[in-house]
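Good morning, and thank you for coming. Please look at the display before we start.

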Amino acid sequence: MSRIKSKTFFLTGGIDTLSPHIGIEPGRLIGGLNIWQEGDVIGYLRAKGYEALDGHPAPSSYPDNEDKETARALITEVPGEDGVLGTCRYAGDQYAWRNDTGGATAKMFKSTSSGWSEVVPGETINFVSGVTAFVAGETLSGGASSETATIERVILQSGAWDGSAIGYIVISSASGAFSNPETITSVSGSATSSSTNEAITLQPDGNYDIIVFNFYGSTNLRKIYWTNGVDTAYMFNGSVIVPIRVAGMETDKPTHLAAHLSRLFLSYPGGSVQRSTVKDPLTFSALLGAGEMTTGSEVVSINVLGKSTLVFLCQNSDSIWMLQGTSETDWDFSQYSDTVGAKANTVEGVNNLVFLMGNKFTTLQASQKFGDFVDNALDEGLAKFIENRVPVASVSVLNKSQYRLFFDDGFITCVTFNKNKPTTGTILEYGFKTTCAWSTIENGIEYIYAGADDGFVYQLDSGDSFNGNNITGFIRMPYYAYDALRHNKHFLKMILELDGPASLTSNTTLALSCDFDYGTPNIPGSRSYNYNIVGGGAFWGDGVWGEFVYDAPIIDRACTDIDGIAENMSTHIGFISKNDEQFNMQAITVDYTVLGRVR
């Protein structure tokens with residue numbers, strides 16, 4: 001009788017869609033869904049849940065499952081039509097942009113305890129021949145029209161307050177239409193209007209790039225800044241929307257932005273990059289220190305790398321430009337590469353940029369060993385899956401050392417890093433199509449959000465269900481010959497090592513299926529089914545599934561019998577989970593005997 005052998009391997013390394021099965025290390029996967037790794041933690045963890053939000057209490061804040069569903073029913077989508085255009089968190093509240101019903105304009109909304117509330121824009125009035133400066137909070141008066149309004153913000157575009165000042169004023173509570181031209185005054189200011197008061201209108205559609213930043217030093221002066229490619233840039237301070245107009249730009253519709261060295265940088269189609277005056281992100285006057293650079297290529301992202309470098313990544317494999325130095329006196333703006341670039345909507349990171357070039361993940365990071373910087377292609381295990389998919393958004397999840405890339409078909413790739421090196425790549429599917437995403441750390445807590453095609457904003461990694469639905473997923477190992485190529489084995493038992501909560505309730509089900517000899521259907525004891533790398537109905541609908549038997553009282557090991565004779569075996573573990581805490585599938589042990597040589 002053959003001696004029973006045991007083989008244990010840790011579950012780590014992620015999905016490999018490129019390598020031949022014989023070359024894939026045990027523990028890596030040839031398929032998987034809704035699992036990931038976190039930093040240096042060994043094992044595949046079930047993905048965390050997500051839940052819709054609008055300012056009502058979060059469903060996950062209730063311990064009772066029925067109360068969770070009652071709370072969930074109160075949450076509504078962002079008003080309007082089509083998908084969410086952009087979303088961000090600011091001063092403890094969530095903000096979102098969506099096209100208005102009819103699609104003629106877009107609107108901005110704030111989450112409140114009673115749901116989404118529109119942020120109503122004010123108006124602007126242009127001026128020339130400014131003699132003395134206006135002050136926010138004062139009343140603006142028209143000399144001929146006798147109309148009045150409250151001054152919210154004053155932006156000087158050129159000249160000086162000596163009779164040559166040109167700019168515009170953001171106003172609210174206007175009593176009527178100011179005349180054009182007329183003398184306009186306040187307690188402090190005086191100028192001549194060069195327009196009547198015009199409503200600030202947010203243009204529809206667009207691809208939103210949003211930052212929250214403090215240019216002014218004081219702790220309470222963080223503000224939202226955004227671009228979208230269809231409108232001017234904007235600033236929002238919690239109450240007032242301020243258009244950021246760059247004088248001299250024939251088409252003032254910037255696509256991307258970044259805050260660097262107390263300046264706001266804006267990129268435009270064709271490669272123009274404008275920078276603001278120091279500590280004044282609303283002023284782009286050359287007389288006050290603003291300026292322009294050009295890359296000659298379409299910029300798809302602007303990112304700070306290290307302490308004093310601003311990186312401009314251009315589309316596809318076009319080019320990368322870098323601005324190095326601390327001020328205009330020592331800046332060096334030069335091309336880093338003319339062969340490396342990035343796909344739009346894929347760039348993330350702070351000290352280690354990650355992006356997609358073609359269908360390969362690539363990093364750009366500071367390096368002392370190889371010069372100033374080094375770019376490296378990462379593991380290509382997900383290359384086949386990424387091919388022909390269109391990225392729409394990306395986020396960094398710093399507390400889990402993850403980079404997540406969202407595609408227009410609803411799938412997400414999740415790359416995990418350990419000490420700045422990628423360790424795994426896995427696939428997620430939430431059940432909605434992401435249209436935008438955003439993440440931030442506030443008071444030590446990380447928040448991750450996704451806007452969806454259904455009009456909802458979802459908080460990711462929140463709760464233990466997919467917005468009240470099951471979290472369904474699986475892992476599938478490669479066909480492995482257990483150190484005895486060209487020999488048949490009799491596979492007897494599999495043991496799954498788990499790390500999770502004290503108990504998994506009946507809300508979580510784990511099940512097993514096996515394929516032998518690359519899915520040959522006529523092997524005695526074979527359990528096989530039509531496999532799709534991204535799951536779908538075939539996963540649970542086909543095949544023979546074995547039940548796991550759990551150790552008690554603490555579930556840390558799940559065992560099942562196997563009865564198959566073959567040269568190699570691929571193991572599939574599926575799960576359905578809801579309202580249970582996250583669990584980690586850490587290792588697998590298989591008992592088997594080695595039989596005769598395959599003839």
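What is the volume of the largest pocket? In this predicted model, the volume of the largest pocket is about 1200 Å³. Its lining consists of 40 residues, and those closest to the centre of the pocket are Ile-210, Ile-211, Asn-303, Glu-348 and Trp-438.

Let me turn to the strands behind that lining. At least two lining residues are supplied by each of strand S6 (81-90), strand S17 (209-213), strand S21 (256-260), strand S25 (299-305), strand S32 (391-397) and strand S36 (434-442). Which of these gives the largest share? That is S36, from which 7 residues of the pocket lining come. Sorted by class, the lining of the largest pocket holds 22 nonpolar, 14 polar and 4 charged residues.

I now step back to the chain as a whole. Its secondary structure amounts to 3 helices and 46 strands. The C-alpha trace spans about 105 × 55 × 40 Å along its principal axes. Of the 599 residues in the chain, 52% are buried.

How many cavities of 30 Å³ or more does the count give? The count comes to 1 cavity, and the largest cavity contains about 50 Å³ of space. Phe-9, Pro-26, Gly-27, Met-477, Pro-478, Tyr-480, Tyr-482, Met-569 and Thr-571 line this cavity. By class, that lining has 7 nonpolar and 2 polar residues, with no charged residues. The lining of the largest pocket, by comparison, includes 4 charged residues.

Leu-485 is placed in the loop between strand S39 (471-476) and strand S40 (487-499).

Is Tyr-403 buried or exposed? Tyr-403 counts as buried because its relative accessibility is 2%, where the cut-off for buried is under 20%. In sequence, Tyr-403 and Asn-237 are 166 residues apart; in space, their C-alpha atoms are 29 Å apart.

To close, I would return to the pocket of about 1200 Å³ and to Ile-210, Ile-211, Asn-303, Glu-348 and Trp-438, the lining residues closest to its centre. Thank you for your attention.

How values were computed: Residues numbered from 1 in each chain as written. Predicted model: local features only at pLDDT ≥ 70, side-chain atom pairs only at ≥ 80, totals over all residues. Heavy atoms only, no water. Helix = DSSP H or I, 4+ residues; strand = E, 2+ residues; numbered from the N terminus. 1 Å grid on protein atoms, 1.4 Å probe; cavity = no way out; pocket = protein on both sides within 12 Å on 5 of 7 lines; lining within 4 Å. Points joined across faces, edges and corners; volume = space filled by probe spheres on them. Nonpolar A, V, L, I, M, F, W, Y, C, P; charged D, E, K, R; others polar. Buried < 20%, exposed > 50% of the residue type's maximum accessible area, 1.4 Å probe, protein only.
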